[in-house]
Amino acid sequence: MEKLLEILEDIQPDADYETCETLIDDGILDSFAILSIVSELQDEFGITITPADIIPENFNSAKALYAMVERLQAE
Amino acid sequence: MRNFKRILLPVVLILTIAAVNLGLNYALIPYSYVRIMMHQIQTEEYDTVFLGTSHGLNGISPKVITEKTGKNAVNLSLGGEYPRDAYYLLKQVCEKKKPERVVYELDPGYWCTPEGQRGDFNRIFYEMPASLTKVEYFFAKERELDFRAALFPWFYYRGQFRDMKEIIQVKQGEDYKNYGTAAFWDGGQEFADGFLRNTPVPGMKEEKDLVLWKEADRNEDSFRYFEKLASFCKKRNIELIVVTTPVPAETLEKYAKEFQEADAFFQEYLERLGLEYWNYNCTERKIADFDYSLNAFTDYEGHMNVQQAEAFSAQLAEDLW
Amino acid sequence: MSLISMEFLLFVLLAAAGYYLIPSKYQWMWLLAFSYIYYISGGFRVTCFLIFTTVSTYLAGVWMEKVPEGVQDKKEEKKRKKQILAGTLVLNFGVLGVLKYTNFVIGTVNSISGGDFEPLQLLLPLGISFYTFQSMGYILDIYWGRSQAEHNLFRFALFVSFFPQILQGPIGRFGSLGKQLYASHSFEIDRLERGFLRILWGYFKKMVIADNAVIFVNAIFDHPDIYDGLGLVGVLAYSVQLYCDFSGGMDVVIGIADLFGIRLDENFKRPYFAVSITDFWHRWHITLGTWMKDYVFYPVSLSGWMKSFSKFAKKSFGKQIGRTLPICVANLIVFLVVGVWHGAAWKFIVYGFYNGLIIAFSGLMAPSYRKWKKALHISDDSKGFYLFQMFRTFVLVNISWYFDRAGDVKTAFLMMKNTLTKFDLRQILEPGIEIGEASGTAYTMIALAVILGGCVLLFFVSVLQENGKDLTAIFARQNWLVKAVVYACLILLLPMLGQPSGEAGGFIYAQF
């Protein structure tokens, strides 16, 4: 989780990732940021993210992102 | 109470718009001879009916025809009158009395261009008396138009707001009430004897690019409605004759190819429909003692002046006789 | 049937009246029947293409759902699904491509090789881009497991052909639109009023603002040599025309769907208030933008070869650039597609490339911008900076309109140059800009005043909406007299100040 927060901070500073639950719905992350995050997550955690995973529910909060990473690691 | 208000809104809205419509129709749409034509076909009975385009309106004197043939004639040709409009005009005429003979003045341009959306294209519908034919005409023509043309007849005349005073004055005058023609004299043109009389203006006329005939651009509606008109006549035993009015020799020469193509095409087409086609530009139908030079015509397109029109009408009457 | 024709009004009236008179479980069939009547009225032969897309996509969806039953493992399942997907995409985009782009290819081949191949006479089915995109979105959603396949062919046919939207969008998603189409809707006067107001507002934007602006646009862009001093007027008029024409058409479409109780996706959110080109595309033709994002941008970015490119880029250019570069490339691809979607011509490719390049550039520069802003003490929240961004974006968008509207790329550049060097407002009163039936300049000033007045009203409404005011709700609370006045004004202004909508009577986007 810490590693994840670090990545998020690096890509898009000035957002409160610990509490925010509407990263997508409020437009804090745009598609460039989303893909940058995806790219880093893939490298960092050795997972493969497919277009099917890119839905708001997976990206709206750091928690949701972490859950997605864990799920994909298990597969 | 709540329900009452719900109904109030649409009712008030419709009434307001209807009132504004009425007022603006009166103030913006100028007096037109189409109104006279409609009055004529509602009040008088005719044996010979002329339908067609501006060439017919300028070139055929129903007075001369009536005098020479002894049959009461009316000219319902108009600029912007496509076969579709002609068909419904004829139907309207028949609501009063079935004529013996219909002469359709054919301008090939009307068979290969789309019907435009301008005020005068809508005028026949606007002036037509309330009738079943008008309802049919609505579904045949108005429905395809911009809804503003059908719902707000003054739409195409909104630019006339500067002449509003004059238009209202004319409409309040005696002449208008009596279906008079004083309002149409504009120095070069008048509407009298049932057609548009152009004062001869000698001298050169400017050459223009003309749409004469292009088979590739056929307006299928024109063909469809002409055929409806033809079968309408056939069913009711009305004789139908098709004519094309003379055009200046210069125009004929410059556009020789198009004229020949059009003539060949329509001779063949009308023969197939079992109709006679008199093209007054063909050698065998050239009128003796008729000035075919451009200088004599009103314009390059071949709208006739009043003397030519009367000479042509005399010839036409003779041929019809 | 044009959206502004008398018959269309009667058609909608009949469809809406019947919709609430029949038992509600038949409502969707009623809509399907009217959608097909509408489509067939535009040409019987082109309907075959619509049916082809409907049936092929429907079958693919059902088939794809059945795949897991017949296969051993996940890998095989994926492979089979992929084959079905590829087949469907190739077939349908193939038809679209052949019909829309064959003549462009022939023209290009001719001009390069000096050959003389005859262009083909191809039918272009109404709304083919819109319904193809909508259907392909559906099949991709099923492939990714985002939605379930529809098992009733006729229901699916309604999703593809729903008549208000088939001509010019918005491009709907099966997940949200499908449900609404098949649900039953009861008669609700408030909803009808809302739809009616929306329709009137759309006609107002189209007939009064856009159709007055188009006179200037056509005069200036079609005669750049005569009106060389009016480039600025031309491009501004074009940005007004394009927005009012397209978003006005959308208002009509969305309003009509409202009459049936169906909420379509919004396609515009005050695009000229955008603060960046990215933001602009989130506000302009939104459903095309999100379609491109979900079905082109993400899949391309996440594809295998992009991943390899990303690895290579990270190694060569460092982490940050290496991470962003592949996204920029994917973005450029998306905008080339958007450009080509707008039309088969080089100027549209330049138009797309221009947009993609700006977005890619600002994506690459984002970290640097952040640093600069910090150093210069500029806050994102300051009003001045916000307005500056808005103005900058508006200028950038207007530059792209030159490519969109000018005859070709060369003319676009020439007009841009003239805009900067030959500005001369007096040309506007030179004869040639003909308003309606009157030739000459008798009505030029009136038309200009109407455009200006319309834009002021539009601006006022937009500012309120941008600040979160729900104007329709506010309107709904007014008493009947206020409503009657607003309705009557909107209705009467259409013929009073509006211009006839050209010979074709069409909306620009209805040709796609």
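Guide: Let me begin with a term: a crossing of two helices is left-handed if the near helix is turned anticlockwise from the far one by less than a right angle, and right-handed if clockwise. Helices (H or I, at least four residues) and strands (E, at least two) are DSSP runs, numbered from the N terminus. This is a predicted model, in which local features need pLDDT of at least 70 and side-chain atom pairs count only at pLDDT 80 or more, while totals for chains, interfaces and linings use all residues. Residues are numbered from 1 along each chain as its sequence is written, and chains are lettered from A and ligands numbered from 1 in the order in which they are written.

Visitor: OK, so what is the handedness of the crossing of helix 2 of chain A and helix 14 of chain C?

Guide: That crossing is right-handed. The axes of helix 2 (residues 31–45) of chain A and helix 14 (residues 319–342) of chain C come within 10 Å and cross at roughly 125°, where axes are lines fitted to C-alpha atoms, for helices over the stretch in contact, and angles run from 0 to 180 degrees between N-to-C directions. Helix 2 of chain A and helix 14 of chain C are therefore oblique to each other, given that angles under 35 degrees count as roughly parallel, over 145 as roughly antiparallel, 65 to 115 as roughly perpendicular and the rest as oblique.

Visitor: Which residues meet there?

Guide: From helix 2 of chain A come F32(A), L35(A), S36(A), S39(A) and E40(A), and they meet R323(C), T324(C) and I327(C) in helix 14 of chain C. The residues of this contact divide into three nonpolar, three polar and two charged; here Ala, Val, Leu, Ile, Met, Phe, Trp, Tyr, Cys and Pro count as nonpolar, Asp, Glu, Lys and Arg as charged, and the others, Gly among them, as polar.

Visitor: And how many residues of chain A and chain C are in contact?

Guide: In total, 13 residues of chain A are in contact with 15 residues of chain C, two residues being in contact if their C-beta atoms, placed from the backbone, lie within 7 Å. On the side of chain A that touches chain C, the residues divide into seven nonpolar, four polar and two charged.

Visitor: Where does chain B come in?

Guide: Two pairs of chains are in contact, and of these chains B and C share the most contacts. No contact joins chain A and chain B, whose closest C-alpha atoms lie 39 Å apart.

Visitor: What is chain B built from?

Guide: Chain B has 14 helices and seven strands. Its radius of gyration (taken over C-alpha atoms) is 21 Å, close to the 20 Å that the globule rule (2.2 Å times the number of residues to the power 0.38) gives for 321 residues, so chain B is as compact as a globular protein of that length.

Visitor: Changing topic, what about the secondary structure of chain C?

Guide: Chain C comes to 20 helices and zero strands, and along its principal axes its C-alpha trace spans about 75 × 70 × 60 Å.

Visitor: How do helix 9 and helix 18 of chain C pack?

Guide: Helix 9 (residues 189–222) and helix 18 (residues 444–466) of chain C pack at an angle of about 140°, with their axes 9 Å apart. The crossing of helix 9 of chain C and helix 18 of chain C is left-handed, and its contact residues divide into nine nonpolar, two polar and no charged.
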